[in-house]
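Dear colleague,

Please find below the structure that I am handing over to you.

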Amino acid sequence: GAVVSQHPSWVICKSGTSVKIECRSLDFQATTMFWYRQFPKQSLMLMATSNEGSKATYEQGVEKDKFLINHASLTLSTLTVTSAHPEDSSFYICSARRGSVGGGLGLSEQYFGPGTRLTVT
Amino acid sequence: DAKTTQPPSMDCAEGRAANLPCNHSTISGNEYVYWYRQIHSQGPQYIIHGLKNNETNEMASLIITEDRKSSTLILPHATLRDTAVYYCIVRGLTGTASKLTFGTGTRLQVTL
């Protein structure tokens with residue numbers, strides 16, 4: 001299957017600083033990338049959707065000025081958590097979708113990265 | 001909102017088949033049923049998907065009822081490494097419906 005990587009796999013930062021997380025599709029071009037957040041013992045929550053070269057679309061309740069998403073190329077998306085606070089500590093997971101299988105109305109398969117654990121102290 | 005209902009947890013003995021049910025009574029005609037699993041502290045892993053026919057791959061089988069209101073994921077010979085949270089997701093083809101929205105899933109515990 002297709003491979004999606006994230007860097008770093010874990011990060012600890014101080015309150016008030018910013019943290020950047022990278023998501024790369026290693027062997028395919030991702031037309032769309034997604035960012036999820038997962039708190040302990042909870043399910044994944046979609047934060048935002050980004051298409052290459054355009055602004056991200058954020059889910060309701062997600063602050064776009066706090067969670068900056070850049071999707072500058074078909075293989076790279078970044079999530080920057082600005083002015084991080086302890087309540088931002090979470091598991092951040094990206095997902096990449098490649099072009100439609102068979103074109104037309106074919107489904108686009110979606111693959112997930114291994115996640116980045118952010119701890120804000 | 002997740003459009004599926006799954007039992008919160010299940011146990012299965014190693015070597016036996018694990019049958020994980022999912023209800024999706026409001027599924028639309030052009031929506032697919034997807035299954036992903038998440039092993040602790042990892043990203044979700046794709047397992048299988050289907051529209052209306054039963055599907056099988058090297059990991060699992062997916063049985064979808066004729067009315068498409070429910071489905072069952074079958075792991076034919078569960079191993080300890082199959083212990084994970086399994087998510088059943090209904091997904092459309094385009095727009096908002098094509099996003100993968102995760103519910104609470106089923107926590108499968110495979111035991112010796």
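**Interface between the chains**

Chain B and chain A together bury about 1,600 Å², of which 53% is on carbon and sulfur atoms; buried area is the accessible area (1.4 Å probe) that two parts lose on being put together, summed over both. The model is a predicted one, in which local features need pLDDT of at least 70 and side-chain atom pairs count only at pLDDT 80 or more, while totals for chains, interfaces and linings use all residues. Residues are numbered from 1 along each chain as its sequence is written, chains are lettered from A and ligands numbered from 1 in the order in which they are written, and side-chain values use heavy atoms, with hydrogens and water left out.

In terms of contacts (heavy atoms within 4.5 Å), 20 residues of chain B meet 20 residues of chain A. One salt bridge is found across this interface, where a salt bridge is a side-chain nitrogen of Lys or Arg within 4 Å of a carboxyl oxygen of Asp or Glu. Lys99(B) and Glu59(A) form a salt bridge, with their closest N and O atoms 2.7 Å apart. This pair crosses between chains: Lys99(B) is in the loop between β8 (84-91) and β9 of chain B, and Glu59(A) is in the loop between β6 (57-58) and β7 (67-73) of chain A. Strands (E, at least two residues) are DSSP runs, numbered from the N terminus. Lys99(B) is buried at a relative accessible area of 16%, whereas Glu59(A), at 24%, counts as partly exposed; buried means under 20% relative accessible area, exposed over 50%, and partly exposed in between (1.4 Å probe, protein chains only).

**Salt bridges within chain B**

Over all chains, the structure holds five salt bridges. One of the pairs is Glu31(B) with Lys3(B), at 2.5 Å from N to O. Glu31(B) is buried, at 4%, while Lys3(B) is partly exposed, at 38%.

Arg37(B) also pairs with Asp82(B), the closest N and O atoms being 2.8 Å apart. Because Arg37(B) belongs to strand β3 and Asp82(B) to the loop between β7 (70-75) and β8 of chain B, this pair ties together parts 45 residues apart in sequence. Arg37(B) is buried, with a relative accessible area of 9%, and Asp82(B) is buried at 13%.

**Largest pocket**

The largest pocket has a volume of about 570 Å³. On a 1 Å grid over the protein atoms alone, a pocket is an open set of points where a 1.4 Å probe fits, with protein on both sides within 12 Å along at least five of seven lines, and lining residues have an atom within 4 Å of a point. Of the 22 lining residues, Gln38(A), Lys41(A), His40(B), Val85(B) and Arg107(B) are the closest to the centre of the pocket. Strands β8 and β9 of chain B each supply at least two residues of the lining.

Thr106(B) is in strand β9 (residues 106-111) of chain B and is buried, with a relative accessible area of 0%. Not counting residues up to four places away in sequence, the residues that Thr106(B) touches include Gln6(B), Pro7(B), Leu20(B), Val85(B) and Tyr86(B).

With kind regards

Definitions and conventions:
Helix = DSSP H or I, 4+ residues; strand = E, 2+ residues; numbered from the N terminus. Points joined across faces, edges and corners; volume = space filled by probe spheres on them.
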